[in-house]
Amino acid sequence: MDESTKKDERRMFLFITVVLFPILTVMLIGGYGFAVWILQMIYGPPGS
């Protein structure tokens with residue numbers, strides 16, 4: 001492997017771990033919370 005490929009891989013790894021995974025995690029948790037909120041508006045709160 002040449003040096004530029006290693007540098008690109010390192011930069012892509014940092015981008016994925018620092019930017020992409022946190023954004024995807026927030027979107028996933030936010031989407032789940034939104035779905036629960038909508039379902040509770042339709043079917044009512046749990047236990048009712």
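The model is predicted, so local features need pLDDT of at least 70 and side-chain atom pairs count only at pLDDT 80 or more, while totals for chains, interfaces and linings use all residues. Residues are numbered from 1 along each chain as its sequence is written, and side-chain values use heavy atoms, with hydrogens and water left out.

I start with the helix. H1 has 41 residues and reaches 58 Å from its first C-alpha to its last, close to the 60 Å expected at 1.5 Å a residue. Helices here are DSSP runs of H or I, at least four residues, numbered from the N terminus. The expected span is 1.5 Å times one less than the number of residues. At isoleucine 16, H1 bends by about 35°; the bend is the angle between axes fitted to the seven residues ending there and the seven starting there. After H1 comes glycine 44, with a positive phi near 85°.

Next, the salt bridge. Side chains of opposite charge can pair when their charged atoms come close. The rule asks for a side-chain nitrogen of Lys or Arg within 4 Å of a carboxyl oxygen of Asp or Glu, and the count comes to one. Arginine 11 bridges to aspartate 8, with the closest N and O atoms 2.7 Å apart. Because these two residues are three apart in helix H1, about one helical turn separates arginine 11 and aspartate 8.

How accessible are they? Buried means under 20% relative accessible area, exposed over 50%, and partly exposed in between, with a 1.4 Å probe and protein chains only. Arginine 11 is exposed, at 51%, and aspartate 8 is partly exposed, at 41%.

Now the aromatic rings. Rings of Phe, Tyr and Trp (its six-membered ring) pair if their centres lie within 6.5 Å; planes under 30 degrees apart are stacked, over 60 edge-to-face, and the rest tilted. There is one aromatic pair by this rule. Phenylalanine 34 and tryptophan 37 form this tilted pair, 5.6 Å centre to centre with 55° between the planes. Both lie in helix H1, three residues apart. Phenylalanine 34 is partly exposed, at 48%, and tryptophan 37 is also partly exposed, at 48%.

Last, the surface. A nonpolar patch, including Met12, Leu14, Phe15 and Met27, has about 1100 Å² of accessible area together. Patch residues have over 30% relative accessible area and no salt bridge, with like charges joined within 9 Å and nonpolar side chains (Val, Leu, Ile, Met, Phe, Trp, Tyr) within 5 Å. Areas come from the Shrake-Rupley method with a 1.4 Å probe; for residues, only the protein chains shown count as cover. Leucine 14, in helix H1, is partly exposed at 46%.
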